[in-house]
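Subject: Structure handover

Hello,

Below is the structure for you to look at. My notes on what was found follow it.

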Amino acid sequence: MHSTGLSDTWRGIARDLHHAARSLRRAPGFSGIAVATLALGIASATAAFSVLDTIVLRGMPYRDADQLRTVVEHADNGNARTPSYPTFLDWQAQTAGSPIIDGLAFVRGDQVSLPGAPNDRQIAAYVSPGFFHLMGGVPLLGRTFSPDEERAGAARVAILSYDLFVDRFGGEPSIVGRVVDLDSIPTTIIGVMPRSFAYPNFGGGGAGWAPPKLWQPIAVFGATHPGVLTRRELHVDSQTLVRLRSGVDSAQAVSAMATIERRLAASYPADQAHWTSVDLQSMSNALYGDVPRLLALVTGAVALVMLLACANVATLLLIRAGGRARDTAVRSALGASRWQVARPPVFEAGLVAGLAGIIGLGAAAALVGFIRHSLAGLLPFGGELHLDARAVVFAIAASVATAVLVGLAPALQTSAVQGMRLVRSGATAAVGGRRERQARDLLVVVQFALALSLLLGAGLLVQSFRRLLAVPLGYDPRGLISFAIAPMTHAYDAPANAANLWTRVVEAERAVPGVQDAAVAGGALLQTSVVPEGAPSSGQPILQALYHLVSSDYLRTMRIPLVAGRWFSDADMRAPMSGGLVVDATLARRLGGNPIGRRITIRRQSQARADVGQPITLPIIGVAGDVLEFGPGQTTGGEVYLPYTLEVWPWMTFAVRSAHAASAEHAVQLAVRRVEPAIRFVFGPTISTSGQRVGGQRRFVTTVLSGFAGLALLLAALSLYGVVAYGAAQRTREIGVRMALGATERRVVALVVREAIVLVATGIVAGSLLAWGSTRVIRAMLFDTTAADPATLVTVAILLGAVALAAVYGPARRSARIDPAIAIRGD
């Protein structure tokens, strides 16, 4: 008996499933829209989960990563810098055996040429002894450095990253133990790190993803860059790590290291004076920067779209269930239980969600692949993105949750049908009943509220982005081509030879048709200390400024205004120590008073030259306008311009201005090659625009949010259209009577539109409250834009209203064309 009951139940379920599938096949339009809508939501949510899971949820692949910190020195005036290698050694010596500090490590970045590819230099990390032990790095193949290999003068060894191991050495395990030429020096490969070990990020926290391709002991760097590691004043291209002992927090470590820092300030006043405090940053912040916050923002947008998609499909199912009210009423009148009458919409929702889940999973795989390939340079560990088992489980869970969400409302509506009463009333009350209308209206309001929230967030970011691009950079980026080059032969090692090469390159660039100006723009922009002559050796904050080597044509080529004094002449280029230097307006203000004629001391920065770090004392001969060297919103503390002939770098960047930059770009490259075929382009040539200087992650988030906001608006409009069209169809008799009594087409259209606008207005009000909370998340990303930006609020409100009007106008016009006689007879 019991067995018979179960069989009947299963047969009933199978029958309902069959009916649901057949019903969906009979309505391909509805089925296609519902499946596509949910599949889009599931795909977006699964892809977002994969990214979040890979980069944030799984944590960093280092031993007790929450105990790792990066160290930054702070001066009394708020300036910050990375510690020099001598400072690191002092910290390491003075924290030995500390109950707070478990260990320190130092990493110095540089580039290295690979065997057989001198034109392809890769990022290398030079690490202090014990680095891999501090990080907890376990090699995939081979081993890490032994103490003997980390000493000066030891035989050269290197450890490969996983990417370099696969890309350049074919993933052959036999690479371990082989000797290869790095920078033309025989080096033994002793190990390969796993893909997950990718420290440090030389792109900077959140500014990009540029992990090292290989690691070597720092003694190797010391041998190839004599004197660099002994100069306390060098604070570039490096990171210092500290591991806290278990149970110790950052505040205790900061206090302990600040005590040491004050001792160093007293011992080395020439460089350490006023640098009396430190700041510790978590490893997560050092690697990811703002990435977790940006990912959380995008994930929130995806979640809103997912909810919106569910609300949209639930609305469609409600309308569909309403259309079957008469059948449902008959079944209820014949004795069917609530569960039995509720099963059809539930099974329909389940089938739609299941099919959407399968399609969504495939779309998610493609989306994750797209993200991996297009954003690998922006997202830490972006190359590891793939759709794994955890993502598949998430997609299945999302499909089940979706089925429940979209099937709940129509199931409740159907199960509440009261059989005989509705049969006698013709079942029309069921479909047009107040509760059912309220349910559909509520879903429309929810969708417009979610759409407004997303639109407002995206609108604020777009507005912020637009204002960011409008910020004057201090120079004219239009028609500007920039690039950096380095010779691949030793013929230009001598500064005089290199200077001659740069001069010939500039002359060749000027000879390119269409080129208006060309200039040497200097090597890397590094910070240098600025000491005004006559300033007391202590008691004054240390000024820091960008160190910028330029040619006499630089100001004209870049179209930077000269504020006071004069710019460099050709005579200054020939005899740089007999002229002077130029500061920008910011540094002039910081120096106080009229700076012209005032002598300041800065330090040479080219680490490839033997005189790196040596002081240069010259008078200020001019003041140039401020330039946002690192893009809008990225101010500098000042800038010092010097003749590039004063310190000729082995590689230099160039600026070329042309009225037809796009067509001149390739010609400029050919002209450079004709001067010296054995030359390497470090970057470029590329045409500069202000937009290129805006962070890629900010651009990515703005684009993604705008896309989701547009999708949300489309879904909300479709839902409103469906509800209004269905409601108008159910009110055919009412509208016919109104028209028979004299209502004009215009009044009928106004009636339908007015009721829809009430829903939209309610959604806008509710969405405003939701947006008040959601926009707080993006406030830190906004530039010159408040979360209550009036222009954005008005634009979003007008856009929503316009889309809503467009969505309801069609159904309203159809209602107004009803023939009153036919409508009344039909009823």
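A crossing is left-handed if the near helix is turned anticlockwise from the far one by less than a right angle, and right-handed if clockwise. Helices (H or I, at least four residues) and strands (E, at least two) are DSSP runs, numbered from the N terminus.

This is a predicted model, in which local features need pLDDT of at least 70 and side-chain atom pairs count only at pLDDT 80 or more, while totals for chains, interfaces and linings use all residues. Residues are numbered from 1 along each chain as its sequence is written, and side-chain values use heavy atoms, with hydrogens and water left out.

Helix pair

By the definition above, the crossing of α3 and α7 is right-handed. The axes of α3 (residues 85-94) and α7 (residues 250-267) come within 11 Å and cross at roughly 125°. Axes here are lines fitted to C-alpha atoms, for helices over the stretch in contact, and angles run from 0 to 180 degrees between N-to-C directions. The two helices are therefore oblique to each other (under 35 degrees is roughly parallel, over 145 roughly antiparallel, 65 to 115 roughly perpendicular, and the rest oblique). On the α3 side the contact (heavy atoms within 4.5 Å) is made by Thr87, Asp90, Trp91 and Gln94, and on the α7 side by Met257, Ile260, Glu261, Arg263 and Leu264. Sorted by class, this contact has four nonpolar, two polar and three charged residues; Ala, Val, Leu, Ile, Met, Phe, Trp, Tyr, Cys and Pro count as nonpolar, Asp, Glu, Lys and Arg as charged, and the others, Gly among them, as polar.

Backbone

Most residues other than glycine have a negative phi, and most peptide bonds are trans. Aspartate 64, in the loop between α2 (28-57) and β1 (68-75), has a positive phi of about 40°. Aspartate 64 is partly exposed, with a relative accessible area of 46% (buried is under 20%, exposed over 50%, partly exposed in between, with a 1.4 Å probe and protein chains only). Aspartate 183, in the loop between β7 (179-182) and β8, has a positive phi of about 55° and is partly exposed at 30%. A cis peptide bond, with omega about 0°, joins tyrosine 199 and proline 200. Proline 200 is in the loop between β8 (185-192) and β9 (214-217).

Aromatic rings

The structure holds 21 aromatic pairs. Rings of Phe, Tyr and Trp (its six-membered ring) pair if their centres lie within 6.5 Å; planes under 30 degrees apart count as stacked, over 60 as edge-to-face and the rest as tilted. Tyrosine 62 and phenylalanine 197 have ring centres 5.3 Å apart and planes at 90°, so the pair is edge-to-face. Tyrosine 62 is in the loop between α2 and β1 and phenylalanine 197 in the loop between β8 and β9, so the pair ties together parts 135 residues apart in sequence. Tyrosine 62 is buried at 6% relative accessibility, and phenylalanine 197 is buried at 3%.

Phenylalanine 197 also pairs edge-to-face with tryptophan 215, with centres 5.5 Å apart and planes at 65°. Tryptophan 215 is in strand β9, 18 residues from phenylalanine 197, and is buried at 0%. Ring pairs link Tyr62, Phe131, Phe132, Phe145, Phe197, Tyr199 and Trp215 into a cluster.

Glutamine 216

Strand β9 also holds glutamine 216, which is buried at 2%. Not counting residues up to four places away in sequence, glutamine 216 touches Ala125, Tyr126, Val127, Phe145, Arg156, Val157, Ala158, Leu182 and Thr187.

Regards
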